[in-house]
Amino acid sequence: MNWVWMTLIIAVVLLALVAYDVLQKKHAILHNFPIIGHFRYWLEAIGPELRQYIVTNNDEERPFSRDQRRWVYASSKKDNNYFGFGTDNELESSPNYLIIRHSPFPLSDPLPGEDDFDPNHSAACKKVMGASQGRAKAFRPDSIVNISAMSFGSLSGPAIEALNRGAALAGCLHNTGEGGVSPYHCKGGELIWQIGTGYFGCRTPDGGFDIAQFRDVVQSHPIRAIEIKLSQGAKPGRGGLLPAAKITHEISKIRGVPMGKDCASPASHREFSDVDSMLDFVERLADESGLPVGIKSAVGQMEFWHELAGRIQQTGRSVDFVTIDGGEGGTGAAPLVFSDHVAMPFKLGMSSVYRIFRDAELHEKIVFVGSGKLGFPHNALLAFGLGCDMIAVGREAMLSIGCIQAQRCHTGHCPAGIATQNRWLMGGLDPTDKAHRFANYVVTLRKELLQLGRACGVSHPCDVELKHFDILTDSFGTSSAKELFGYRWATKV
């Protein structure tokens, strides 16, 4: 009989654990995978010890290393995000390794209790978006770190809600992605409304642009700027397809597409076909809304950027901001060849475009936004050195609300409830709790960017220049980032 009682006790304990896992709201993995989900946390806790006997090290996993994910997780939970025992990177044998040149006379960080200490580590954009074109609703963004474009439909409602609530807490902007403005985007955070080739949310029945719907959406939502998407880092030069099976009634209503039919985003816009007609469309949206209007693009053929700068100089029509997306970025699913081989990586793309606008003396009139694995302090600081005024984070934001890099985004079976429309999986993601985690991550990123800037002797990350960076070579030498990226002028400004 003893074994009967023992079995009963074990069964009761397991049932109690299942009940606890399903009912708790802090960990989506435990809710979605009761009992077995604990193994993930146990393995994570003893990971450093296990990895002494396992092949992969802290820097080998992709697209984000174990060290990078650990830093995001710890920052979002307000845990200790320091690393002990020195770097585990092989600095002298790592070509293209970034080195930040600190100042012998760094600026001191404000301390708690001092008059200038800010617990939110605020860092506003140094430019007023839309000012140079006289937009009626020009504004200075409150945060240099904001949320990159991720659509409702690609991400779950609870995930979008968590990010938007977190944006309100952190005082940053939330880019809607091209899937339209959903109720989950309206939980306190201010928006950049992205309009893609499908014109979702401002779409005619045949897939064209509807100016009346555009006006209604702008007037009824907390939208601060409009972003016209030309391309994105995940699949540049290619449209998108939302299969009919993934289109719920809610997605159908928000995007303005029918149920039971695949929803295709064309590769190109129907409203314009060249630089001139694109600038006409930009001015049309700006006149209608009073908002700053910009473009987002991965960087491919450079003739477009030369012509854009030239037409701005000649005609006075202009975009108010340019978002450069690196080919290494992207939350969207894509064919492997597009992810791996199409579009320039961020550093090359951003520097190539910025040089064109700097040489045309347009760089002070346009706000530059960087996107593409920039959610870590050293990468973000280099982006500011290259000429960015703000950065946008996508996958790092997903990590902060529970993404475990399972890389199942394209299947609809995201175990963390983020990139899925499965009701059970979404049920494990508590938007209120995850909002605080995202806000903690943004505040920590701003904090460390400000610390890095002060270490270089400047008070704001946007004041960092390429002279503050070197790139290690594979022959025990360094290359100046200023020379490497072809910045010929004496200072960034």
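I looked up W489 first: this residue is buried, with a relative accessible area of 10% (buried means under 20%, exposed over 50%, partly exposed in between, with a 1.4 Å probe and protein chains only). The model is predicted, so local features need pLDDT of at least 70 and side-chain atom pairs count only at pLDDT 80 or more, while totals for chains, interfaces and linings use all residues. Residues are numbered from 1 along each chain as its sequence is written, and side-chain values use heavy atoms, with hydrogens and water left out.

Aromatic pairs. I searched the whole structure and found 16 aromatic pairs (rings of Phe, Tyr and Trp, the last by its six-membered ring, with centres within 6.5 Å; planes under 30 degrees apart are stacked, over 60 edge-to-face, the rest tilted). F272 and F281 make a tilted pair, at 5.6 Å centre to centre and 40° between the planes. F272 is buried at 10% relative accessibility, and F281 is buried at 3%. I then returned to W489: its ring and that of Y354 have centres 6.2 Å apart and planes at 55°, so this pair is tilted. Y354 lies in helix 12 (residues 346–359) and W489 in the segment after helix 17 (481–484), so the pair ties together parts 135 residues apart in sequence (helices are DSSP runs of H or I, at least four residues, and strands runs of E, at least two, numbered from the N terminus). Y354 is buried, with a relative accessible area of 3%. I also noted one aromatic cluster, formed by W193, Y199, F209, F214, F272 and F281.

T176. I placed T176 in the loop between strand 3 (173–175) and strand 4 (190–195). T176 has 0% relative accessibility and counts as buried. Its side chain reaches the backbone nitrogen of Q194 at 3.1 Å. Beyond neighbours within four places in sequence, T176 is in contact with residues including M150, F152, H185 and W193 (contact means heavy atoms within 4.5 Å).

I traced an open sheet of 3 strands, in the order 1-12-13, with antiparallel pairing (two strands pair if DSSP finds at least two bridges between them). Strand 1 (97–100) and strand 13 (478–480) are the edge strands, each pairing on one side only. Strand 12 (residues 469–472) pairs with strand 13 over 3 bridges. I471 has S479 as its bridge partner in strand 13.

Whole chain. I counted 17 helices and 13 strands in the protein chain. Of its 493 residues, 52% are buried.

Terms used:
A polar contact is a pair of N or O atoms within 3.5 Å; within protein, one must be able to donate a hydrogen and the other to accept it, and residues adjacent in sequence count only if both atoms are side-chain atoms.
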